[in-house]
Amino acid sequence: MQRLIKNISLIWNRFKKSNEDFWLEIEEQLILNDIGVKTAAFIIEEVKNHCRKENINDLEQIKLLLKKYILEILNDGAAAGSAKASALPDYNLSNSIPSVWMLVGVNGVGKTSTVAKLASFFQNAGKNVLLAAADTFRAAAYEQLDHFAEQLDLPIVHHQRGSDPGAVVYDSIEKAVARKIDIVLIDTAGRMHTAYNLMEELKKIKKVINKKIGRDPDEILMVIDATTGQNAKHQAAIFNEAVGLSGIILTKTDGTSKGGIVLTVKNELKIPVKFLTFGEKIENLEVFNAEKFTDLLFS
Amino acid sequence: MFDFLTSKFEDLFYKIRNKGKLSPQDLDGALREIRLALLEADVNFKVVKEFLDNVKEKALGEQILESLSPSQQVVKIVNEEIIKMLGSGGGEIVFAGKPPTVIMLAGLQGTGKTTATIKLANYIKNKYQRNVSVIAADIYRPAATIQLADTAKKYGVEVFIQENTDPVSIAVNGVDFLKKSGSDVIIIDTAGRLQIDTEMMDEVKNIRKKVMPHQIYLVLDAMTGQEAVNIAQQFNESLAFDGIIMTKLDSDTRGGAALSVNHVTKKQIKFISTGEKVEDFDIFYPDRIASRILGMGDVLTFIEKAEKVIDEKKAKEFEQKILSNDLNFVDFLEQMKSIRKIGSLDKIFAMLPIQNKSKMLANVNLDDAQINKVEAIINSMTTEEKLKPFLINGSRKKRIASGSGTTTNDVNRLLKQFAMAQQTLKQFSGRGHRSGQMKGFPFSF
C-alpha cells in the first residue's frame with residue numbers, strides 16, 4: 001500500500017512536471033515570436049483554463065485553442081469568423097474629401113516605402129492620392145518619396161529640407177482641397193519616442209491637420225518593423241499618448257520575424273493592426289487579416 | 001540605453017538588498033525575476049536559459065547562501081556573467097598594413113547602415129586623423145545614394161558614386177578610384193537585405209570576394225527582437241563579419257539583442273550609435289553597459305565626460321557656496337553650462353545611478369528647451385541681480401521677462417525653483433559627507 005501511494009505520486013509528479021514543461025515550451029514558442037512574457041502568459045492562462053474546463057488533453061486541440069485565443073485578441077474579443085469580427089472596419093476614410101492619413105514611427109521601420117505602397121493601394125481602388133513629404137529632416141527623404149510619386153504619377157507637396165513639417169502638411173491639404181483629392185498621405189520623419197521635442201512636433205502636425213479639416217486625421221498609423229522586439233510596445237504607448245494612434249502597419253513581414261509584438265500591442269494597448277507589408281515591391285501591401293497572420297505565427 | 005533592463009534589476013536588487021541573508025527560495029525568486037527581465041529585454045530565450053544556469057551554478061558554487069552579504073554576491077555574479085555575454089567589447093579600428101583599409105557595412109533594411117557609414121567615417125576621421133571616403137553601393141533604395149552623398153559632403157568625406165551598374169562593380173571601381181585619390185580608409189555602404197534572400201546575400205558575398213574588405217561590420221538595430229540571433233548567425237555564415245555596430249541605442253530599448261547576438265556569434269560589438277547627430281557614435285564598453293544593467297548607471301562614462309568639462313577648482317568653490325548659502329545666479333549659470341557640455345539632459349540622466357528611473361522619467365520633462373529658457377532669463381538679469389537674486393522685484397521681473405522673451409510667470413517660477421534648489425543642495429551636500437556610500441549603489445567601487 002505504501003508502495004502504491006509512492007508510485008502514484010511519482011507518476012503524478014512526473015505527469016505534473018511534464019505538463020509544466022509542456023506549457024513552458026509553448027510559452028517559449030510564443031516568446032520566440034516576440035509576443036512578450038505578459039501576453040504569452042495571458043494567452044496560456046486562457047488556454048489552460050479552457051483545457052481544464054473541457055478536459056482537453058490533445059496537442060492538436062490545444063494548438064487550435066491557442067489560435068482561437070490569439071484571434072480573439074486580434075479581433076477585439078470577437079470569435080473568429082463571427083459576424084462581429086467581420087464587421088470590424090479595415091480602415092477609416094472620411095465622407096468629405098480629402099481623407100487625411102498620417103504615418104508615424106521610429107527611424108528605419110519603412111514609413112516612406114509604406115506611404116508609397118498605400119498610395120498605390122488606393123490608386124488601384126480608383127482614388128486620387130496626394131503625398132505630403134513631411135519628413136523634412138532626413139537627407140534625401142523627399143527624393144525617396146518623390147521617386148515613388150513619379151513612378152505612380154502622383155502629386156507631391158514638399159518644402160526645403162529642414163523646414164517646418166507643419167507647413168508642408170498645411171500646403172498639402174490646401175492643394176488637396178483645390179484639386180479635389182480623395183486621400184492625403186503624410187510621411188513624417190522617423191523619430192525616437194524618447195525624443196521629447198520631436199514628439200511635440202508630431203502633436204503640432206496633428207493640430208495643423210485638425211485646424212485645416214475640422215477634425216483629427218482619419219487615420220494616424222504607427223509603422224512597426226516586424227523585426228522589433230518588446231520595445232515596440234513602448235513605442236506604441238508613447239506615440240499613442242502623444243497623438244492617439246488609430247492603428248498599426250506591420251512592415252518587413254517577408255523576413256524571418258513574424259511580428260508577434262503586434263499581439264502584445266493589441267492586447268495591452270488595444271491598438272489594432274490595419275495593414276501588413278511584405279516585400280520591396282510597391283504592391284507588397286495588404287489589409288491585415290487576423291486569421292492569415294495567426295496561421296503564419298504557427299507555420 | 002539599456003534603461004529597461006537596468007530598472008528591472010534595480011527593483012530586484014533593491015528587494016534583495018534589504019534582506020540580511022538569501023534563502024534558496026530567494027535565489028530561485030531572483031532567477032525567475034532575472035529570466036523575466038531578460039526575456040522582456042529581448043534576450044533570446046535560449047541565451048537566457050544558459051545565462052541563468054551559469055548564474056545559478058556560480059551562486060551555489062560560491063556558497064552564496066552562507067555568505068554575509070549574499071545580495072552583493074548575486075549582483076557580482078550577474079554582473080560578471082553579463083559582461084561575459086557581452087564579449088570583450090568594442091574597440092579600436094585595426095588598420096591595414098598598407099592603406100587603404102577597406103571596411104564594409106551590411107545588415108537588414110532600416111537598421112541605419114547609411115547613417116552608420118557617415119558616423120563611422122566621421123569618427124575615424126576625427127579620432128585617427130585619416131583621410132576617409134565612402135562608397136555608395138546601395139542602388140535599390142530610392143535616393144539612398146543622395147542621402148549618403150549629402151551627409152558625406154557636409155562632413156568633408158569623399159563619396160564614390162557610379163550610376164547604371166551593379167553594386168559589385170561599384171564597390172570594385174570605388175575602391176580602385178579612392179585608392180588612387182589617396183584614401184586611408186574606405187567604407188562601403190551596402191543595401192539593406194534579408195539574411196534569407198539568397199540572391200541579395202550572394203551579391204554581398206561577391207562584393208566581399210572581389211574587394212576583400214579588411215573589416216566587415218554587421219549593422220544591427222538595438223530594438224531587434226528574438227530573431228536577432230538568427231539574423232546575426234546567418235549574416236555571419238555568409239560574410240564572416242568582424243564586428244557589430246549597434247544602432248538606435250538612443251531609444252529606451254532594453255537592448256537584450258546585444259547580449260544574445262554577441263553570445264551566439266562570438267563577435268564583438270564594436271560601436272554603438274546613440275542619436276540623430278553624426279557625433280552620436282561611440283566605442284562599445286561591455287563593462288559600462290553591464291553596470292547600467294545592474295543599476296549603477298553608466299557612471300564611468302559620466303565621470304569620464306564630466307572630467308573633461310568640469311573644472312575641479314570651480315566645482316569646489318561651488319560646493320563651498322552651497323554650504324555657506326551663498327549661491328547666486330552667476331555660479332548657477334556657470335555650472336549649468338559645464339553640465340550641458342556633457343550632453344543633453346536626457347543623456348546625462350540616463351547615465352546616473354538612480355532608482356526606478358523609468359518611473360521617475362515618466363513625470364520628468366527632460367527638455368533642453370526649458371534649459372534654454374532658464375539661460376535666457378538669467379542672461380537678461382543685471383550682474384547685480386544675478387549676484388543678489390533677492391533684489392528682483394516686480395518691475396525687475398517684468399524687465400527680465402521682456403528681455404528674455406518669456407513671461408513674468410516664467411521668471412517667478414525660476415526664482416522659486418532657485419530658492420528650492422538652494423535649500424535642497426544644502427541639505428544634500430550636508431548629508432553627502434556623512435554617509436560614505438551614495439544611496440542607490442548596490443555596492444561600492
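Predicted model: local features only at pLDDT ≥ 70, side-chain atom pairs only at ≥ 80, totals over all residues.
User: Which residues of helix H6 of chain B are buried, and what covers them?

Analyst: Within H6(B), residues 144-154, the buried ones are Ala144(B), Gln147(B), Leu148(B), Ala149(B), Thr151(B) and Ala152(B). Their cover includes helix H5 (113-128), strand E2 (132-137), strand E3 (158-160) and strand E4 (185-190) of chain B.

User: Why is Val261(B) called buried?

Analyst: Val261(B) has a relative accessible area of 1%, and buried means under 20%; Val261(B) is therefore buried. This residue is found in helix H10 (residues 256-265) of chain B. Leaving aside residues up to four places away in sequence, Val261(B) touches Leu220(B), Ala228(B), Val229(B), Ala232(B), Ile244(B) and Lys266(B).

User: What makes H8(A) oblique to H9(A)?

Analyst: Helix H8 (residues 196-213) and helix H9 (residues 231-243) of chain A pack at an angle of about 45 degrees, their axes 9 Å apart. Roughly parallel requires an angle under 35 degrees and roughly perpendicular one of 65 to 115, so H8(A) is oblique to H9(A). The crossing of H8(A) past H9(A) is right-handed.

User: Which residues make this contact, and how do they divide by class?

Analyst: H8(A) contributes Met199(A), Leu202(A), Lys203(A) and Lys206(A), while H9(A) contributes Ile238(A), Phe239(A), Ala242(A) and Val243(A). By class, the contact of H8(A) with H9(A) comprises 6 nonpolar, no polar and 2 charged residues.

Key: Residues numbered from 1 in each chain as written. Chains lettered and ligands numbered in written order. Heavy atoms only, no water. Axes fitted to C-alpha atoms, helices over the stretch in contact; angles between N-to-C directions. Helix = DSSP H or I, 4+ residues; strand = E, 2+ residues; numbered from the N terminus. Parallel < 35°, antiparallel > 145°, perpendicular 65-115°, else oblique. Left-handed = near helix turned anticlockwise from the far one by under 90°. Contact = heavy atoms within 4.5 Å. Nonpolar A, V, L, I, M, F, W, Y, C, P; charged D, E, K, R; others polar. Buried < 20%, exposed > 50% of the residue type's maximum accessible area, 1.4 Å probe, protein only.
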